[in-house]
Each structure stands twice: as structure tokens, then as C-alpha cells.
Amino acid sequence: MNEDCSDRLAALYRAGAADEPDLLLDEAVLEAARRRPLPHPAALATIAVVLLLAVVAHNQPPAPVSAAAPIASAVPPGLDEGRSRIVMMSLSPATERPGMALQPAYYGGTR
Amino acid sequence: MQGTVAIGVLPVGGSRTEHRSGLGAVADEALMLRYGGGDNDAFEILYRRHRAGLHRFVRRLVGASADEVFQEVWLAVIKARKRYRPDARFVTWLYTIAHHRAVDRLRRNGQWPDEALDDEADEAPGPFEAAFGGELADALQAAVQALPAPQREAFLLQAEAGLSLEEIAAASAVSRETVKSRLRYATKRLRAALESYR
């Protein structure tokens, strides 16, 4: 191979090759380069489990009331009568009194 | 806004990022290692150095899908940032990735020959004459474009990326002798295409 000729051809080629990538393409690549990698899947799974446990703990019913405590204390003081009635209704099987279950008065705010 | 800043540093010459970070004289390999360590400025400089040449290389090889392949190559670089080891020159590594992506694309389109059909199979004169009405450089561009893909790639790796025979061999996963042969045929054809300009 004629090295000199090859070099001259390469130089000539470079002189005539001026096209460049589109600026939008540049932006896309640089944006991808700036993005931080996502956490490892195991770390993501750990975070998900911790969140789930936190939600479950938050939604758990309060600790059982001791047998010695009076039942009345289950209804917090300060609740108005309407709300108390709703609480009481929810403790009764609604299917036994279908007509009453549909009474708007039992859903509070109408008194 | 961030994107605007990034675009602003791309033109050739001393860039704002280069000036700000003082990384202008740092070797490609060190920049890539710095990028792996979280330095985004290092990547911007690396990208600015190689974007034009790599894009031309890919475009001359795969044509219309060049932007897609170009992006794939850089995304592969980005993805590999943590495990990058400077065993070879960065540019060889970069064009090795580009070779694989481009050849995959060409194979899918039936435009990359089987090994058995390589090199000597294409001795017939190409359509160079069509380009002879233009300037010499334009004619050469057209002649390069008309080379068989493996010869075109070898020529571009030498002319565009400045790779040595050994580096071209490594990048395109062939022997040094095959590279020599491809370059010999490419040079022969390009010379023939430019004969009428003498």
C-alpha cells in the first residue's frame, strides 16, 4: 500500500468532511449523560418494603382495649351525637335494618 | 435551561466547559475515568472532541439511520462509564462500539457482506464517474461513499478517527492483514476515482 497516497487521501477527505450532528442530537446525548443512574433494583425493593410496612403500621387498628376499661371510653369525648350514632350504626349489622341504613340522618350533618 | 448551556459549549474551539473546568488538555482516557467518577464536564469535553468525526463515520457507513446509531453509541459509552478501563485508547474503544452498532444495522439491511465475500469480491469500478462534475473533495466524498462497506469502514477509521492498522483491526474485529488489504483496495479505488483530476 502506498502510505503517502493513503495519507494524502485521508487529508483530502478530512478537508471536505465538515458536516456535524444536529444540535438536538447533541442535546439528547448530553442530557442522557447528565442523568444520574437509577438506584440498584435491590435498593428500590428495600425502599418499597419499608414504605409498605410504614403504611400497614399506620393503618393498623389501635391496640385492644383492656377488659377492665369501660366500653363508653371507646367513643372519644367531644364527638357530636350524630357521629356517635354513625359509629353505633356501623357496629350493628346493616342488613338487619335495610330501611334504616338508607336514612340520611344516620350519615351525619343533617341535624 | 441546562440544555441551552450544554449546547453553548459545543462549537469547535475553547469551550466554556473546558475553560471553566481546566480539562482542555486532559487525555480522553482520563476524561472518561473522571466522567465515571461523576464529573459531567469531563463527558461534555469528550463528546465535543469526538462528536463530529464519529457522526461522519456513522453517517458514511449506515446512511439514513446515522442519528439513531450515533445516539446508541454514546448511550453505550454513558452506560459503561462505571466499568470503563483504559486498556486501549479511548478513541479505539469508541469506534469499536460504533463498528458493532453500525455493522449490526448494516447486516439487518443486508448491506454488510459475509466474511467469505470480503475484499477482493469487489474489484469492478464503482459509480465514481457520476461525481466527477464537482470539486475534488466532493468527488472523494462520493468515492468514499461508493466503497464496499468494509473498505469504507477501514478508510474512515483511518481518516476520520486516526486509528493505526492495529487499532482498526481491534475495532473491527479482523486481522491486521485484513485491514491492510481493505485499505489497499480502498486506496486503489479512491485513486482511480480521482484520476481525472490530475
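Which residues are buried in helix α3 (residues 28–36) of chain B? The points below answer this and then go through the rest of the model.

1. Basis. This is a predicted model, in which local features need pLDDT of at least 70, side-chain atom pairs count only at pLDDT 80 or more, and totals for chains, interfaces and linings use all residues. Residues are numbered from 1 along each chain as its sequence is written, while chains are lettered from A and ligands numbered from 1 in the order in which they are written.

2. Chain A. Chain A has five helices and zero strands, where helices (H or I, at least four residues) and strands (E, at least two) are DSSP runs numbered from the N terminus. Along the sequence the pattern is α-α-α-α-α. Of the 111 residues in chain A, 8% are buried. A residue is buried if 20 or more other C-beta atoms lie within 10 Å of its own, exposed if 12 or fewer, and partly exposed in between, with C-beta atoms placed from the backbone.

3. Chain B. Chain B has 10 helices and zero strands, in the order α-α-α-α-α-α-α-α-α-α. Buried residues account for 41% of its 198 residues. Two residues are in contact if their C-beta atoms, placed from the backbone, lie within 7 Å. Among contacts in chain B between residues at least 6 apart in sequence, 63% join residues at least 24 apart.

4. Where the chains touch. The contact involves 26 residues from chain A and 32 residues from chain B. On the side of chain A that touches chain B, the elements giving two or more residues are α1 (3–16) and α2 (23–34) of chain A. The most comes from α2(A), with 11 residues. By class, this side of chain A has 16 nonpolar, three polar and seven charged residues. Here Ala, Val, Leu, Ile, Met, Phe, Trp, Tyr, Cys and Pro count as nonpolar, Asp, Glu, Lys and Arg as charged, and the others, Gly among them, as polar.

5. The buried face of α3(B). The buried residues of this helix are B:L31, B:M32, B:R34 and B:Y35. Seen down the axis of α3(B), they fall within an arc of 160°, so they line one face of the helix; the arc is that of the directions from the helix axis to the C-beta atoms. These buried residues pack against α4 (40–62) and α6 (90–108) of chain B. Just after α3(B), B:G38 has a positive phi of about 110°.

6. α3(B) against α4(B). The axes of α3(B) and α4(B) come within 8 Å and cross at roughly 140°. Axes are lines fitted to C-alpha atoms, for helices over the stretch in contact, and angles run from 0 to 180 degrees between N-to-C directions. The two helices are therefore oblique to each other: angles under 35 degrees count as roughly parallel, over 145 as roughly antiparallel, 65 to 115 as roughly perpendicular and the rest as oblique. The crossing of α3(B) and α4(B) is left-handed, meaning that the near helix is turned anticlockwise from the far one by less than a right angle, with right-handed used if clockwise. B:D28, B:L31, B:M32, B:R34 and B:Y35 of α3(B) meet B:A42, B:F43, B:I45, B:L46 and B:R49 of α4(B). That contact has seven nonpolar, no polar and three charged residues.

7. α8(B) against α9(B). The axes of α8 (residues 149–159) and α9 (residues 165–172) of chain B come within 10 Å and cross at roughly 130°. These helices are therefore oblique to each other, and their crossing is right-handed. B:E153, B:A154, B:L157 and B:Q158 in α8(B) meet B:I168, B:A171 and B:S172 in α9(B). The residues of this contact divide into four nonpolar, two polar and one charged.

8. The loop residue B:A161. B:A161 lies in the loop between α8 and α9 of chain B. B:A161 counts as buried because it has 21 C-beta neighbours inside 10 Å. Leaving aside neighbours within four places in sequence, B:A161 is in contact with B:G53, B:F57, B:V91 and B:Y95. B:A161 and B:F57 are 104 residues apart in sequence and 8.2 Å apart in space, C-alpha to C-alpha.

9. α9(B) against α10(B). α9(B) packs with α10 (residues 176–194) of chain B at an angle of about 105°, with the axes 8 Å apart. That makes α9(B) roughly perpendicular to α10(B). B:L165, B:E166, B:I168 and B:A169 in α9(B) meet B:R176, B:V179 and B:K180 in α10(B). This contact has four nonpolar, no polar and three charged residues.
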